[in-house]
Amino acid sequence: MTAPSEARTHMHSRICGLSVALMLAAAVALAQTPPVPATQAPAAPSAPAPAAAPAGFERILLTAGRSTVLATDFDITRIAITNPAVADAVVVQPREILVDGKSAGTVSLIVWGIARRAQYDVVVEPSVTTLQQKLQALFPGEDITATLNDEALILSGHASSTTVMLKAGEIAQASASKVKVINMLQLPGGPGSQQVMLQVRFAEVNRRAVQELGVNLFMGPNGQNDYVARTTTGQFTPPVFDKTTTTFSDILNLFVMNTKYNVGVVIKALQQKGYFQSLAEPNLIAYNGQTASFLAGGEFPVPVVQGITNAVTIEWKEFGVRLKFTPTIAGDMIRLKVRPEVSSLDFSNGITLQGFRIPSLITRYAETDVELRDGQSFAIAGLLHNTAQDNGSKVPILGSIPIIGALFKSKSETKEQTELMVLVTPQLVRPLDPDEVPALPVSQKRFLEGPGVGSQLQGGGGLVDAPAAPPALKPKPVPVVKKGPGGE
């Protein structure tokens with residue numbers, strides 16, 4: 001019994017010594033650990049400073065009119081968004097936020113938790129999904145992107161042909177009629193020039209022929225036995241009588257009168273022929289997609305009576321050769337919206353208002369869309385207009401009498417023929433470099449002769465951009481050989 005009891009006593013003493021050693025080691029470790037401040041939370045991580053990662057915010061992409069759900073890994077206590085007109089956010093679950101896109105723009109979304117904070121950039125894109133889907137359905141395989149902002153709709157990308165480019169622009173314009181459409185689609189192998197020079201040739205020929213014949217017989221107030229008489233068809237103005245005088249408003253062409261008997265005759269026998277030819281070749285340059293206009297002519301005044309005050313004001317109306325066109329460059333093709341116009345004054349169809357003779361306008365114009373290549377020509381207007389007018393008048397019964405019935409008849413014949421042709425030729429042009437500018441045509445003859453400032457200038461007065469005159473050469477004396485008597 002003595003040996004086992006001694007063994008247990010020895011084992012118990014070893015366990016007690018090990019326990020005391022472990023307790024001493026723990027006390028030393030606790031003594032070396034610094035005390036924790038009361039204001040510091042040992043378990044919670046510190047919130048990141050706002051300036052630690054200003055550019056590392058997560059982006060949330062939205063389309064205007066669409067929504068998305070943002071999930072977080074912590075409980076949400078508060079949110080804030082910079083501009084609710086662009087995007088709005090609502091907490092729907094402790095860890096979910098519903099974000100609604102309203103209009104195009106970029107805003108910041110800040111989310112707070114119990115011990116955390118997160119920030120996001122919400123990017124709202126314009127709602128062109130319908131137009132984009134329509135373009136992709138109509139033109140499959142084409143790289144066409146539609147971008148809409150407040151003032152314009154921009155088409156960008158690449159088109160395989162001119163037809164696709166122009167049709168896409170027309171569809172975009174019809175889909176967004178209230179904004180401007182900017183077509184920036186590129187074509188393979190398109191030219192670098194973006195300016196178009198339009199050469200237009202107006203050729204007009206007008207022929208007119210008039211033939212008039214009429215007779216007016218009359219007897220004045222001082223005629224035979226105090227008789228007053230006249231014959232007229234009313235087509236041409238006859239003389240007018242009173243008690244003592246005779247007034248001729250139109251002597252016509254032939255006038256015969258016997259002053260003794262106060263008997264006379266006025267004859268209208270007139271033939272007129274007119275020929276008018278007009279040729280104009282205006283050249284006009286316009287930028288791609290911009291409208292340019294040209295006018296070679298003038299303006300004439302038109303009096304206008306105001307409705308309330310009856311005051312007469314003057315308005316000016318334009319006439320002449322006018323050209324207006326809008327080019328669209330589509331690869332190697334040029335589409336033109338062109339409107340040429342030729343107008344001239346017509347006094348024969350004018351009116352007289354308060355003593356003013358106001359002419360009418362004879363206008364010929366064409367407005368159309370054409371498509372052609374650089375340097376090609378197209379006849380956009382061809383007009384052949386023939387007019388024939390015959391007017392005849394006669395006195396009943398008397399005008400039907402053979403031979404002498406011609407004295408009681410009058411007639412007027414008018415024939416007019418107009419030919420008009422308009423040719424257009426577009427060309428892609430570029431500005432000239434200084435060394436490519438051609439020299440101006442000048443004359444070597446002086447504009448003003450005699451002494452003056454011009455004679456003191458180098459090269460003489462009146463020589464603009466001309467080279468200096470070469471110095472005059474003195475004639476060389478001709479040697480004279482004298483011959484002797486013998487011819488030597």
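In which strand is tryptophan 316 found? Tryptophan 316 lies in strand E19, within a predicted model in which local features need pLDDT of at least 70, side-chain atom pairs count only at pLDDT 80 or more, and totals for chains, interfaces and linings use all residues. Residues are numbered from 1 along each chain as its sequence is written, and side-chain values use heavy atoms, with hydrogens and water left out.

**Overall make-up**
- The protein has four helices and 24 strands, taken as DSSP runs numbered from the N terminus (helices H or I, at least four residues; strands E, at least two).
- Of its 488 residues, 26% count as buried, a class defined as under 20% relative accessible area, with exposed set at over 50% and partly exposed in between (1.4 Å probe, protein chains only).

- Within E7, tyrosine 120 is the bridge partner of glutamate 58.
- Strand E6 (residues 105-113) pairs with E7 in the antiparallel sense over eight bridges, and a hairpin of three residues joins E6 to E7.
- Valine 111 stands opposite alanine 118 in E7.

**Surface around tryptophan 316**
- Tryptophan 316 counts as exposed because its relative accessibility is 51%.
- The largest share of the nonpolar patch, three residues, comes from strand E19 (residues 312-330).

How values were computed
Pairing = 2+ DSSP bridges.
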